[in-house]
Amino acid sequence: MMTTELAKTTSIGLQLAGGPSVLGERQVRIPIGGKIRPGVKVLIRKYQNKETEALYAKGVEAGASFDAIDRRLVKLVDPEGKNGIRTTLTPKNVPYFTARRSDFAMPEIADMLMDRYGEDREDGYHLYRLPIILATDSWLANMPHGLKCYTRSELVYWSEYGADGNRYCQTRGTVETDPKNQRARRVFGGRPVVVRGTCEPNTCPEYQASKCKLSGQLLFYVPGVPGSSAIELATTSFYSLQQIRQQMEMVAFIRGGKISGTLNGKPLFYLTKKHEDVSMLDEHGKAKKVKQWLIRLEADIDMSRLFHESEPHQVLADGAMAAQVLTHRTVPAAQLAEPLPEPAEPEAA
């Protein structure tokens, strides 16, 4: 599980100079301006009829969130709540991403994404591929992830690694009441965080009941989309998260640890989807393979050129050019490769 609960902002691990503040923060927090989703939700078959399909289509056309659409549909099929219906929608794996106006603080950004990067591949106008820019050189900061257990309204349990390197399950503690008036005490900084114990998915009842799942978010910027707030893409796919990590680590290895920003003014990465076979266990514990559309992070770069730029002679040539610009005189690259002279011994008094 992730170390902090994601609300409207997400910590991406950029260190600030100086000590902590009253808010207890030592990290820069990048605001999240909105999210794109890896798929869609559709009506569960038993709830499909003319009325529900019309209401669903109306909500989708208006750009409403699937949660809002679902709430209206639940009221339609179970107006008095006697049947205990909690949802009428189910996730559907599709080859494109979804950008909905309701998922952005500035709804027009969803329109910009679709206008700039949307495509019509004979299946409607959708977001199949888009370039992205990462904010930091840390793959973990760009892709916070962990095991999380949600109710319909809040995060209940999550994991966090302790200073000893072990993973622990955490939750929010109860708030004490004032014995004088029995009212809850005001708690500075929100409800306290308490440790439930070691996070062990194989023996965890919530994980075994599929209530606790792997959850991750990729945080990024999109060229041509204004604003200082990042965009979030959330996924629960282990295969997708693993491939994204591997791609970031590979490019970081070649570029000396740098994956943020651009390369010659162009984005380093783009997001897309690929239809692949993935292995999973059925209810009897037997392995089987199924086809799924997985999120893929691809490097939109010439790898041979990238290798060339990381070679020692090219690094020296770039250093000579930088020195020439700074000192207004020509500095041969070979001179930069010479070892620094040993410091002179102090003269005797």
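This report covers the fold, cores and ring contacts of one predicted model.

## Ground rules

Local features in this predicted model need pLDDT of at least 70, side-chain atom pairs count only at pLDDT 80 or more, and totals for chains, interfaces and linings use all residues. Residues are numbered from 1 along each chain as its sequence is written, and side-chain values use heavy atoms, leaving out hydrogens and water.

## The chain as a whole

The chain has nine helices and 17 strands. Both are DSSP runs, numbered from the N terminus: helices are H or I with at least four residues, strands are E with at least two. Of the 349 residues, 34% are buried. Buried means under 20% relative accessible area, exposed means over 50%, and partly exposed lies in between (1.4 Å probe, protein chains only).

Take contacts between residues at least 6 apart in sequence: 58% join residues at least 24 apart. A contact means heavy atoms within 4.5 Å.

The largest nonpolar core holds 34 residues. Such a core is a set of buried Ala, Val, Leu, Ile, Met, Phe, Trp, Tyr and Cys residues joined through side-chain atoms within 4.5 Å. Among the members that touch the most others are Ile-36, Leu-113 and Phe-220. Elements supplying at least two residues each include helix H3 (108-117), helix H6 (238-254) and strand E16 (269-281).

Ile-36 is in contact with Phe-97, Leu-113, Leu-130 and Phe-220, among others, leaving aside neighbours within four places in sequence. A second, separate core has 14 residues, including Ala-64, Ile-69, Leu-73 and Tyr-128.

## A serine in helix H6

Ser-240 lies in helix H6. Is Ser-240 buried or exposed? Ser-240 counts as buried, because its relative accessibility is 1%. Ser-240 touches Thr-235, Leu-294, Ile-295 and Arg-296, not counting residues up to four places away in sequence.

## Rings and charges

The structure holds two aromatic pairs. Rings of Phe, Tyr and Trp (its six-membered ring) pair if their centres lie within 6.5 Å; planes under 30 degrees apart count as stacked, over 60 as edge-to-face and the rest as tilted. Tyr-96 and Tyr-128 are edge-to-face, at 5.9 Å centre to centre and 80° between the planes. These two tyrosines sit 32 residues apart, in loops. Tyr-96 is buried at 11%, and Tyr-128 is buried at 5%. Phe-238 and Tyr-239 have ring centres 6.0 Å apart and planes at 80°, so this pair is edge-to-face.

Arg-100 lies over the face of Phe-66, 4.8 Å from the ring centre. The charged end of Arg-129 sits over the ring of Tyr-270, 3.5 Å from its centre. The test is NZ of Lys or CZ of Arg within 6 Å of the ring centre and within 35 degrees of the ring normal.
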